[in-house]
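I opened this entry to look up how the chain is divided and what packs against what. Notes follow in the order I took them.

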Amino acid sequence: MKKENKPKNIIRIVDVTNRDGVQTSKLGLAKLQKTMMNMFLNEMGVYQSEFGFPVTNHETNYINANLELVRMGALKPIILEGWVRAIKDDVIKAAKMTNVKDLNLSISTSDQMIQGKFKGKYGRKDIVRLMVEAVKTAKKKGIRTIGVNAEDASRTDLDYLVEFALAAKHAGADRIRYCDTLGYDDPFSIYDRVATVAESCRLPMELHCHNDLGMVVACSVSGAKAAIDAGVDAYINTCVNGMGERAGNADLVSVILAVKYSSGFRKKYALDERIDLSCAWRVGKYASYAFGVPIPINQVGIGSNAFSHESGIHADGYLKDKKNYELYDYKVLGRGEPDIIETGANITVGEYSGIKGFRNVYDKLEVKFKNDEEATRILELVRYANVHTQKPLTREELVFIAKYPDIAKNIFTMTPK
Ligand SMILES: [Zn+2]
């Protein structure tokens, strides 16, 4: 593509696995697993990870330890942003409890939720007032990027939503997150609504969609298209493997593939150039292992059947020219790397391991220790890691602990108040 033809505005990814993903009912991630997700997302070129809850006590050490990884350059260039309610007190607490520099402030904007949640305590005007107060407080506290989330935006009166977005902008917000909290939009309705908000407030738009009606990826990319067409940047919220509350959020890999390869987007809309799909398979596998949720065989891109052809006409056509039945090559996704934990005969390392087995495992990972003292210290941390995840540790987790022992220690430390 010639430089002058390059579209000005960009679609970037804000992954919310470590916030919406871990809100998935009956499931969650240990703090080490959340940390590994941030590392993987960074490797994949994701612009921002919504990495947790800065006002939740048990997240404090995890949050500060991950921000320390940013400071050390181990998590770079990804932005780690925290999620809080759009109220002044949450912002003050977040700034006090953590070193978080980027925040998304969330508040419900639909009449259904204003009435159904606040039960007459707040009306539309109060919602705007609380949000403006929160944004101004965040500004005062030196927060670098302030996103304002309109929860249930898809069921919010459109004029009010525009008024809300404009108030956020005037208070100093950098982005508006359009939340299709219940998956109520369709790809056409979200396009029109996001276009109206983007054209009126001229702020970059985030698209946060859910899959209750099975349209989550279509709605996400359609909302992004509306933002770009209106001349502002778009940030699509994703979760690895489409995790997230109820029927889930937009799957990270599906969104990237849709923007890169679909007829209406490819070469017409610019995806963040940092996106690297070559670790997609490994990231999907890791999330599946960490959450304990198998990848369906027909999962987009990374399911075991995503590149399998069996019926006569398809197999014959594929063998003649794979482009007959495939839009992209499996190699693009880094498929076929070894499993994330050792299979076959092997020694594992866990909460009751001794030094001999531990040495054997780390020798295989080609990690060397300076002396016995260092090895014993790492063994102790590995034991705690296993107490913490209750699963055999993956190669990447083991290497992480050896490489960043002080960070690992902080992540495992949790002292209830
Ligand atoms: Zn959500």
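The model is predicted.

Next I checked where the domains touch. I found 13 residues of domain 1 in contact with eleven residues of domain 2. Which elements give two or more residues to the side of domain 1 that touches domain 2? They are helix H1 (31–43) and helix H2 (60–72). I sorted that side of domain 1 by class and got eight nonpolar, three polar and two charged residues.

Then I turned to the largest nonpolar core. It holds 120 residues. Leu105, Met131, Val135, Ile176, Met205 and Val255 touch the most other members. Helix H8 (residues 216–229) supplies the largest share, eight residues. Domain 1 (3–287) and domain 2 (355–411) both contribute residues, so this core lies between them.

I followed up on Met205. Leaving out residues up to four places away in sequence, Met205 touches Ile176, Tyr178, Val194, Val197, Ala198, Ala227, Val232 and Ala234.

Last, I looked at a helix pair. The axes of helix H12 (residues 355–364) and helix H13 (residues 372–389) come within 10 Å and cross at roughly 90°. H12 is therefore roughly perpendicular to H13. On H12 the contact uses Ile355, Phe358 and Arg359. On H13 it uses Ala375, Thr376, Leu379 and Val382. I classed the residues of this H12–H13 contact as five nonpolar, one polar and one charged.

Note on methods:
Residues are numbered from 1 along each chain as its sequence is written. This is a predicted model: local features need pLDDT of at least 70, side-chain atom pairs count only at pLDDT 80 or more; totals for chains, interfaces and linings use all residues. Axes are lines fitted to C-alpha atoms, for helices over the stretch in contact, and angles run from 0 to 180 degrees between N-to-C directions. Helices (H or I, at least four residues) and strands (E, at least two) are DSSP runs, numbered from the N terminus. Angles under 35 degrees count as roughly parallel, over 145 as roughly antiparallel, 65 to 115 as roughly perpendicular and the rest as oblique. Two residues are in contact if their C-beta atoms, placed from the backbone, lie within 7 Å. Ala, Val, Leu, Ile, Met, Phe, Trp, Tyr, Cys and Pro count as nonpolar, Asp, Glu, Lys and Arg as charged, and the others, Gly among them, as polar. A nonpolar core is a set of buried Ala, Val, Leu, Ile, Met, Phe, Trp, Tyr and Cys residues joined through C-beta atoms within 7 Å. A residue is buried if 20 or more other C-beta atoms lie within 10 Å of its own, exposed if 12 or fewer, and partly exposed in between; C-beta atoms are placed from the backbone. Domain bounds come from an automatic or database domain assignment.
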